[in-house]
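Visitor: I would like a quick tour of this model. Please show it first, then take my questions.

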Amino acid sequence: MTVAAIIVAAGRGTRMGGDRPKQWRDLAGRPVLAHAVGALQGAGVGRIVLVLHPDDLDRAGIPQGVQVVPLTGGDTRQASVRCGLAALAQDAPEHVLIHDGARPFPGAAMIGRLLAALTDHPGAAPALAVTDALWRGQAGLVAGVQDRTALFRAQTPQAFRYAAICAAHGAHPGGAADDVEVARAAGLDVAIVEGDEDNLKLTYPADFDRAERMAKGRDMDIRMGNGFDVHAFTAGDHVWLCGVKLPHTRALLGHSDADVAMHALTDALYGALAEGDIGVHFPPSDPQWKGAQSHIFLRHAMERVRARGYALANCDVTLLCERPKIGPHQGAMRQALADIMGVEVARISVKATTTEKLGFTGREEGIAAQATALLVRA
Ligand SMILES: Nc1ccn([C@@H]2O[C@H](COP(=O)(O)OP(=O)(O)OP(=O)(O)O)[C@@H](O)[C@H]2O)c(=O)n1
Ligand SMILES: C[C@](O)(CO)[C@H](O)COP(=O)(O)O
């Protein structure tokens, strides 16, 4: 399944006011937009198109690792979405998430629910059931009550099969509030997926105050884990370390591919979640894991991280060995781990040390690895 995201951020924020559009205002140390981009990246979305107003293309603080597309063809949200869809056309993804740049906190668990719903439906959108009583008002007085049964508050990202939502936008006359409206006009079913109270849209100044309080609280919701592993050498001609195959005079012995570094990192993630270790999830007594490639374990640990609503802030892996020399392969190892974990390479560190020829690693009887991982609420 290939997934891309479009973040529409070309609005002028007239209801919020202020010296710049709301998505460019500072929220706990970085622009609102950077929170939205970081949250989607943290949820594993690697390809993001950012639709910006032409006046904003030179602004400081445009997030890294995204494709920037200037708004053309109108000044509505819908025009912004169409620009984003067109930008994805050349290498079309199967699924697309369409998100407001003015919503800084789209949670990873909610994004997981949306993508899962696309298996059975062409569209899926997050929403919260209305729980307050609803009134009609007139001249400052309550003029009547409104039945709230089956009413929902719509959020973004709204998720679609890419080809279907492109066709729906192509056929729509314009004037839709969101992409669910466009999809429904084309006859597409859109599943309602549980939204998230934290996924607020910044519309008025009071929303910004609430977001600042939330950002402070979220920054404190962090979890740390560490992992340690050892594998002995045996006869062979290569080792797997951090997902990279290195020619060597020996191999590492193990039930799986014996990627000792990836095992330590996987255990650090499970440890941060207090969800046991690799042996609990993939018992060595189970023959199906014999010879398994270790990326299966690491991917599973990252799925658990996201399902619990966290994102990886950073991780740090240290290999303890005399040989093979790790330095020349550090870049490839960091990239391999980033690809498997679905995070930016800048969040991953790989380094190595010898043990000065002391102990079992010094005698080259095996390799040890340790890892730490820091998780933050997504
Ligand atoms: N021409 C537009 C209008 C809106 N948006 C984006 O659509 C999202 C939701 O829109 P809204 O909250 O209405 O933002 P604004 O249009 O900026 O706000 P206002 O209506 O108060 O001016 C925002 O991320 C906004 O930047 C956009 O990309 N292009
Ligand atoms: C798309 C949206 O975020 C769904 O709630 C919302 O409709 C966009 O903002 P607006 O205030 O309706 O312009």
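Visitor: Where do the bounds of domain 1 and domain 2 fall in the protein chain?
Guide: This is a predicted model. The assignment divides the protein chain into two parts. They are domain 1, residues 3-217, and domain 2, residues 222-377.

Visitor: What area is buried between domain 1 and domain 2?
Guide: Six residues of domain 1 are in contact with six of domain 2. Carbon and sulfur atoms give 52% of the buried area. The total is about 480 Å².

Visitor: Which residues of domain 1 lose the most area to domain 2?
Guide: Three residues together make up 60% of what the domain 1 side buries. They are Gln41, Gly42 and Ala108.

Visitor: How many salt bridges are there between domain 1 and domain 2?
Guide: Polar contacts do occur across this interface: two residue pairs, both at pLDDT 80 or more. A salt bridge needs a side-chain nitrogen of Lys or Arg within 4 Å of a carboxyl oxygen of Asp or Glu. By that rule the count between the domains is zero.

Visitor: Which residue has a polar backbone atom 2.7 Å from a nitrogen atom of ligand 1?
Guide: Ligand 1 is surrounded by 18 residues. The closest include Thr14, Ser80 and Lys201. The 2.7 Å approach to the nitrogen comes from the backbone of Asp75.

Visitor: How many charged residues are in the shell around ligand 2?
Guide: Arg15, Arg77, Asp100, Arg103, Asp178 and Lys201 are among the residues around ligand 2. The shell also has two nonpolar residues and one polar residue. The charged count is six.

Visitor: What share of the accessible area of ligand 2 does the protein cover?
Guide: The Arg15 side chain has an N or O atom 2.9 Å from an oxygen of ligand 2. Ala154 brings a backbone N or O atom to 2.8 Å from a ligand oxygen, and a polar side-chain atom of Lys201 lies 3.0 Å from one. On its own, ligand 2 has 350 Å² of accessible area, and the protein covers 71%.

Note on methods: Residues are numbered from 1 along each chain as its sequence is written. Chains are lettered from A and ligands numbered from 1 in the order in which they are written. This is a predicted model: local features need pLDDT of at least 70, side-chain atom pairs count only at pLDDT 80 or more; totals for chains, interfaces and linings use all residues. Side-chain values use heavy atoms; hydrogens and water are left out. A residue is near a molecule or strand if one of its heavy atoms lies within 4 Å of it. A polar contact is a pair of N or O atoms within 3.5 Å; within protein, one must be able to donate a hydrogen and the other to accept it, and residues adjacent in sequence count only if both atoms are side-chain atoms. Accessible areas come from the Shrake-Rupley method with a 1.4 Å probe; for residues, only the protein chains shown count as cover. Ala, Val, Leu, Ile, Met, Phe, Trp, Tyr, Cys and Pro count as nonpolar, Asp, Glu, Lys and Arg as charged, and the others, Gly among them, as polar. Domain bounds come from an automatic or database domain assignment. Contact means heavy atoms within 4.5 Å. Buried area is the accessible area (1.4 Å probe) that two parts lose on being put together, summed over both.
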